[in-house]
Amino acid sequence: MNYYDGGKYDVIVVGGGHAGIEAALAGARMGKKTLLMTLNPDSIGLMPCNPSIGGTAKGHLVREIDALGGQMGLAIDATFIQIKMLNTGKGPAVHSLRAQADKKQYQTYMKQVLENTDLLEVRMGEVTDLCVENGKVTAVYTACGAKLHCGAVVLATGVYLKGKVIIGEFSQESGPAGLMGANHLSGAMTRLGMELQRFKTGTPARVDARSLDFSKMTPQYGDERIIPFSFMSGKIEREQVPCYLTYTNEKTHAIIRENIHRSPLFSGQIKGTGPRYCPSIEDKVVKFPDRERHQLFIEPEGLSTREMYVQGMSSSLPEEVQIAFYRTIPGMENVRFTRTAYAIEYDCIDPLQLKLNLEYKHIGGLFFAGQINGSSGYEEAGAQGIIAGINAVRYLQQEPPMILGRDQAYAGVLVDDLVTKGTREPYRMMTSRAEYRLLLRQDNADARLCRIGREMGLVDDARYDRFMYKMDAIRRFKERLEQTPAKAHMSRALTGTDPSGPQKLADILKRPGVKAADVLPYIGVEELPDEEILDSLETEVKYEGYIDKQVRQVEQFRSLENRRLPQGFDYHSISGLRIEARMKLQAAQPENIGQAARISGVSPADISVLLVYFEKDAATKA
Amino acid sequence: MIGQNDTICAQATAAGNGGIAILRISGPRALEIAGQVFFTKKQRKTFKPRYMYLGEVRSQDTLIDGALGVYFKAPHSYTGEDVFELHCHGGVMAAKQTLELLMQHGARPAQPGEFTKRAFLHGKMDISAAEAVADQIGALSEKGAQMAARQMQGELANSILDMQRTLTDILAEMEAGIEYPEDDLELQIAGDALPQLHALYARIAALHGSFRQGKLIREGIRVALAGRPNVGKSSLLNAIFGEDRAIVSNIPGTTRDVISEHYMLNSLPIMFLDTAGVRDTRDVIERIGVERTHQAIDSAAVVVLVLDSSESLQQEDEQVYAYAKQTGAPVLIALNKADLQVKLTKEQVEKNFDAPVIEIAALHRTGIDLLLETLYQMAVGDQGLQEGMVITNSRHAFSLQCALQSLQDGIAALEAGIDLDCASIDLHDAWRYLGEITGQTLDEQIIDRIFEKFCLGK
């Protein structure tokens with residue numbers, strides 16, 4: 001095929017979902033001429049599954065994207081219709097925000113942001129192939145015959161690669177939500193030597209609110225005190241809409257069991273690996289036969305539609321079976337479907353082929369982000385998107401990559417897990433995956449990442465000034481609390497007891513039930529600062545002992561993480577390594593010794609050998 | 001959780017009965033840990049680098065050994081880190097006890113080759129040796145891992161795996177509640193995990209306590225029979241074995257050799273070290289016997305001091321007692337010849353010595369059973385011997401010790417009402433320490449368990 005010259009860009013982002021948006025915005029905002037290629041501009045920022053952003057660990061990711069100067073937090077703050085802080089009873093590390101989004105508004109917001117960003121163009125078209133010269137990507141080809149030249153590419157294709165939608169015995173090649181799939185790019189990727197995997201995910205039915213009896217369900221309301229996602233959003237007051245809780249029952253389960261042979265998962269028609277994190281209802285019924293009920297949340301898809309999302313009822317059973325068991329649910333006896341639940345299979349890459357900057361190991365300038373890397377979730381996608389976008393620019397500028405450590409961000413844990421351990425099912429972020437959970441709180445995402453975002457050129461003056469003000473306020477208050485002696489009358493007023501020995505006000509704040517807002521007046525603070533400052537201050541004082549403990553653990557962790565390893569090294573030349581370790585290290589080419597230690601099949605003994613071996617080089621240089 | 005810059009300890013000289021055993025502590029806490037076990041006469045807290053100090057290794061008030069201590073300040077040391085060396089007497093027991101004491105204070109037992117590795121990493125060795133050193137360290141640490149793995153077979157391995165699984169379940173439940181706050185998991189909330197955690201703590205503590213027993217089973221209980229010549233040590237031995245094993249006569253100093261005898265007591269081998277009796281003498285042969293007696297006491301797990309009730313207490317008795325106490329071994333007093341005219345009563349002995357006293361008549365074989373039973377208890381400890389479940393590897397013992405500490409912290413945090421995200425830090429640590437023994441250290445396993453156990457997700 002003869003391609004016409006479609007122009008030249010610095011960065012081309014393939015895909016306009018949550019990863020693509022952040023990648024493209026990062027590219028353009030860092031001063032690079034950026035093109036976002038999408039199959040359909042109407043599906044920019046689409047949420048093809050649940051109408052919500054955030055949740056445990058995912059809420060942390062949104063805050064991190066925001067602290068780096070990304071868009072997701074601002075977008076959801078502008079468009080949420082309900083918001084909640086989860087886990088407030090379980091400690092500050094696991095507090096997580098979750099919001100219900102107005103899907104259409106979210107999309108409209110995101111498209112407008114893209115369209116109003118300098119240096120950024122959005123173009124409809126299917127990217128079918130990549131041009132690689134001298135080990136570097138130099139252009140992409142489109143189905144309509146354009147050759148678009150570029151310095152770097154970010155592939156953020158979501159679940160569109162060879163997408164196949166399955167509903168019972170019916171199946172068709174398609175992207176999600178009835179959108180067109182992309183059937184050529186994965187073939188090109190295979191030709192370029194990439195190893196692909198086939199994953200599966202699914203979504204429940206959407207139903208007509210007019211066909212539901214909400215009086216049989218329990219309404220679930222948002223928080224009265226709204227805490228926004230973005231550090232820039234300030235105070236938000238907004239009317240919120242409820243979700244509704246209801247349950248499956250024995251009748252539901254009986255219908256599913258009677259028809260289980262018609263499930264493509266159990267008949268073997270679906271070959272892709274599905275996530276344990278979002279099992280279909282038939283999965284739940286089969287794996288947990290003793291459960292008498294499973295809970296369902298009915299969530300509005302937006303304010304301008306009557307469509308409702310049925311969280312907990314994802315399925316790939318035939319449509320008629322779905323309708324039958326949906327109708328066993330209290331309040332859904334007369335339910336009308338607007339969209340049938342389906343499973344979707346798609347191609348993604350084995351992320352072990354990526355470096356920590358999300359660049360493909362064997363082609364310079366080719367970056368990957370989002371579900372194509374084997375992750376699931378809008379937030380996981382967005383976090384990878386901003387990292388890939390930043391690193392594409394760093395690559396063009398021949399600057400060292402931005403790599404976030406496991407001790408710095410959930411986004412760091414996410415990328416390290418994917419590229420070091422790989423994944424055999426769609427990867428979901430969880431707080432349990434973070435070793436240093438108490439340091440990676442949602443309240444201090446800005447303290448962890450804002451400076452990095454600033455250095456990358458994504459954090460503007462307004463954001464940075466606000467951040468510096470917050471940090472300064474916390475530091476000043478903390479110092480004064482640590483220096484001011486707690487007098488007897490203060491202790492009695494705050495805790496109801498006399499002070500036990502000489503104490504500072506900080507010690508009083510450490511007691512259970514004592515709030516920062518109650519203590520600050522004793523150091524002469526007349527007007528209380530913003531809630532976010534109070535929250536962070538309180539956490540840092542109250543949990544100081546545990547935070548210190550994790551800081552010490554991080555020091556150990558860093559001692560290995562800071563020892564860099566050469567790239568393209570021949571590990572077979574180190575005779576002290578066990579054979580298995582040589583092979584694993586040769587294939588993985590880890591970037592530092594800490595990462596090498598996390599590769600399965602590399603033992604502590606092998607790490608000792610690496611330490612000694614590479615110390616030789618360091619010593620020679622010094 | 002083996003770190004690259006934690007503090008490690010090990011015997012730096014060859015194992016066995018050398019003249020002097022050098023114990024090396026290396027790492028940032030070397031001086032601090034040494035300060036907790038090594039005491040000079042002036043109770044000094046600071047040590048001038050590269051000066052040798054005379055002092056004692058003590059565990060609380062119990063003396064373990066007289067020793068010389070030297071501090072090498074980083075980087076001027078063998079490893080390039082802060083190093084403290086303790087030069088102990090060559091006895092196997094004293095060195096081992098000192099090492100265990102160092103571990104209790106937080107020094108990790110060094111991996112094979114680890115001092116050399118650190119020396120290399122701190123530029124203390126020739127760069128040209130890099131590959132050779134890497135090879136050697138690789139081989140040594142692999143060997144160490146294999147040895148530890150071999151010692152972790154069968155029932156013991158299953159038991160520790162089971163402990164880790166119990167903790168996995170508890171953690172999975174806590175984490176499931178955290179990850180899925182809105183799912184109706186019918187979870188036990190954190191408070192209800194406490195009884196399970198307490199039970200787990202007790203199990204690990206019992207196993208950790210078996211470390212001492214493990215050594216007993218492997219090495220037997222070494223019992224030194226001490227006392228002045230002719231108080232009836234050999235007769236006691238004969239009473240135990242029921243036949244004439246040692247030469248018995250009334251000429252003091254007849255028994256010149258330390259005689260080892262094995263006797264099975266409640267399925268534990270007991271090795272009796274009969275001695276020539278402690279008495280200052282110019283007789284060369286007997287003096288050698290006295291030295292050997294001291295050696296026997298040095299290496300004993302329990303010292304049985306035999307006293308003669310037909311004679312009053314003598315200076316030599318007190319010397320033997322003092323010598324035995326000095327070694328740190330528990331002392332049991334056998335007050336012999338209870339059938340003869342009594343000049344020394346049980347009460348008098350108890351007033352003079354801080355040790356249990358058993359009255360016996362060796363020649364008539366009375367009081368022997370009680371003596372043996374008491375001796376067994378002193379060697380084995382209050383909990384008795386737990387069959388089949390003993391820890392023998394010091395690395396395993398150290399990991400268990402760390403797991404216990406973390407578990408204790410976690411339990412304390414939960415009991416104090418500290419939030420789950422903080423308390424779980426300690427519990428995760430405990431889990432990883434157990435994992436150092438079982439080899440299962442991937443947190444992913446806890447996540448796997450969450451999804452096996454609970455029906456979660458949208």
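Predicted model: local features only at pLDDT ≥ 70, side-chain atom pairs only at ≥ 80, totals over all residues.
Leu119(A) lies in the loop between α4 and β6 (120-124) of chain A. Is Leu119(A) buried, partly exposed or exposed? It counts as partly exposed, since 17 C-beta neighbours fall inside 10 Å, and a residue needs 20 or more to be called buried.

Leu358(A) sits in the loop between β19 (342-349) and β20 (366-368) of chain A. Its surroundings put it in the buried class, because 30 C-beta neighbours lie inside 10 Å.

Let us turn to the helices. Two packed helices are described by the angle between their axes and the distance between the axes.

| Helix pair | Angle between axes | Distance between axes |
|---|---|---|
| α2(A) and α3(A) | about 115 degrees | 7 Å |
| α3(A) and α4(A) | about 135 degrees | 9 Å |
| α6(A) and α9(A) | roughly 165 degrees | within 9 Å |

Helix α3 (residues 72-79) of chain A packs against helix α4 (residues 103-115) of chain A, and α3(A) also packs against helix α2 (residues 58-67) of chain A. How is α2(A) oriented relative to α3(A)? The angle of about 115 degrees between α2(A) and α3(A) makes the two roughly perpendicular. On the α2(A) side, Val62(A), Arg63(A), Ile65(A) and Asp66(A) take part, and they meet Met72(A), Gly73(A) and Ile76(A) in α3(A). By class, this contact has four nonpolar, one polar and two charged residues.

With α4(A), the angle of about 135 degrees makes α3(A) oblique, and the crossing of α3(A) and α4(A) is right-handed. Ala75(A), Ile76(A), Ala78(A) and Thr79(A) are the α3(A) residues involved, and their partners in α4(A) are Gln105(A), Tyr106(A), Tyr109(A) and Met110(A). The contact of α3(A) with α4(A) has six nonpolar, two polar and no charged residues. Ile76(A) meets residues of α4(A) and is also listed in the contact with α2(A).

How many residues of α3(A) are buried? Seven of the eight are, so the helix is largely enclosed by the rest of the structure. The buried ones are Met72(A), Gly73(A), Leu74(A), Ala75(A), Ile76(A), Asp77(A) and Thr79(A).

Thr252(A), Ile255(A) and Ile256(A) in α6(A) meet Val321(A), Ala324(A) and Phe325(A) in α9(A). These residues divide into five nonpolar, one polar and no charged.

**Where the chains touch**

The contact between the chains takes 52 residues from chain A and 37 residues from chain B. On the chain A side, the elements giving two or more residues are α8 (281-287), α18 (544-561) and α21 (604-621) of chain A. Which of these elements gives the most? It is α21(A), with eleven residues. By class, the chain A side has 23 nonpolar, 19 polar and ten charged residues.

**A look at chain B**

Chain B has 14 helices and 13 strands, and buried residues make up 45% of its 458 residues. Of the contacts in chain B with a separation of 6 or more, 68% come from residues 24 or more positions apart.

In helix α1 (residues 30-37) of chain B, the buried residues are Ala30(B), Leu31(B), Ile33(B), Ala34(B) and Val37(B). Seen down the axis of α1(B), they fall within an arc of 165 degrees, so they line one face of the helix.

A cis peptide bond joins Ala74(B) and Pro75(B), with omega about 0 degrees; Pro75(B) is in the loop between β5 (62-72) and β6 (83-89) of chain B. Gln440(B) lies in the loop between α13 (420-438) and α14 (444-453) of chain B. Gln440(B) is partly exposed, with 16 other C-beta atoms within 10 Å. Not counting residues up to four places away in sequence, Gln440(B) touches Gln164(B), Gly435(B) and Gln445(B).

Conventions:
Residues numbered from 1 in each chain as written. Chains lettered and ligands numbered in written order. Buried ≥ 20, exposed ≤ 12 C-beta atoms within 10 Å, placed from the backbone. Helix = DSSP H or I, 4+ residues; strand = E, 2+ residues; numbered from the N terminus. Arc of directions from axis to C-beta. Axes fitted to C-alpha atoms, helices over the stretch in contact; angles between N-to-C directions. Parallel < 35°, antiparallel > 145°, perpendicular 65-115°, else oblique. Left-handed = near helix turned anticlockwise from the far one by under 90°. Contact = placed C-beta atoms within 7 Å. Nonpolar A, V, L, I, M, F, W, Y, C, P; charged D, E, K, R; others polar.
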